[in-house]
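Colleague: I would like to learn how to read helix packing and a few loop details in a model. Could we work through one case?

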Amino acid sequence: MESRKTILICDDEPALRELVRATLSDGYRFAEASDGVVALELAHDLEPDAVILDLMLPRLGGLEVLAHFQTDEQLRNDPVLVITAWNETREDVLAAGASDFVTKPFDPDALRVAVEELLSGP
């Protein structure tokens, strides 16, 4: 039985999704969403172990996706790492329901550490 963790990457930029995959490649399975609506659909279907979420997404923005996660019984405990170039403060993003926050451009080591911490549980 496969025990690799699944990470859902939600970003509208294919190059960034590829960079995240390359940064985290060892030992993980990946699913990708290019907009907020698909992100929610995949989160429901796949039940990922962690979600990496950009705030600037088409169709349904990242903050709206976070709000859905907070009110959805199935998704509310999923760890979400927000990765964004927005000038949001860390406190605002965490108050919106994110588990952690990384700014773009991101440091690969910082991203790896943040994801490992999310996956290690509370």
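Predicted model: local features only at pLDDT ≥ 70, side-chain atom pairs only at ≥ 80, totals over all residues.

Colleague: How is the packing of two helices described?

Modeller: Two packed helices are described by the angle between their axes and the distance between the axes. Here, helix α2 (residues 36–46) and helix α3 (residues 62–71) have axes that come within 9 Å and cross at roughly 25°. Angles under 35 degrees count as roughly parallel, and α2 and α3 are therefore roughly parallel to each other. The crossing of α2 past α3 is right-handed.

Colleague: Which residues of α2 and α3 make the contact?

Modeller: On the α2 side they are G36, L40 and A43, and on the α3 side V65, H68 and F69. Sorted by class, the contact has four nonpolar residues, two polar ones and no charged ones.

Colleague: Which residues of α2 are buried?

Modeller: Buried means under 20% relative accessible area. In α2 the buried residues are G36, A39, L40 and A43. Viewed down the axis of α2, they fall within an arc of 95°, so they line one face of the helix.

Colleague: What do the buried residues of α2 pack against?

Modeller: They pack against β1 (5–10), β2 (28–33) and α3.

Colleague: Now the loops. Where is P58?

Modeller: P58 sits in the loop between β3 (50–53) and α3. Its relative accessible area is 36%, so P58 is partly exposed. Sequence distance and distance in space are separate things to read. P58 and G36 are 22 residues apart in sequence, and their C-alpha atoms are 6.5 Å apart in space. Leaving aside neighbours within four places in sequence, P58 is in contact with D12, S34, D35 and G36.

Colleague: What is the phi of R59, and is R59 buried or exposed?

Modeller: R59 is not a glycine, yet its phi is positive, about 70°. R59 lies in the loop between β3 and α3. With a relative accessible area of 62%, R59 is exposed.

Colleague: What is the phi of E47, and where does E47 lie?

Modeller: E47 has a positive phi of about 45° although it is not a glycine. E47 lies in the loop between α2 and β3. The cut-off for exposed is over 50%, so E47, at 55% relative accessibility, counts as exposed.

Colleague: Is the peptide bond from K104 to P105 cis or trans?

Modeller: The bond from K104 to P105 is cis, with omega near -10°. P105 lies in the loop between β5 (100–103) and α5 (108–119).

Technical notes: Residues numbered from 1 in each chain as written. Heavy atoms only, no water. Axes fitted to C-alpha atoms, helices over the stretch in contact; angles between N-to-C directions. Helix = DSSP H or I, 4+ residues; strand = E, 2+ residues; numbered from the N terminus. Parallel < 35°, antiparallel > 145°, perpendicular 65-115°, else oblique. Left-handed = near helix turned anticlockwise from the far one by under 90°. Contact = heavy atoms within 4.5 Å. Nonpolar A, V, L, I, M, F, W, Y, C, P; charged D, E, K, R; others polar. Buried < 20%, exposed > 50% of the residue type's maximum accessible area, 1.4 Å probe, protein only. Arc of directions from axis to C-beta.
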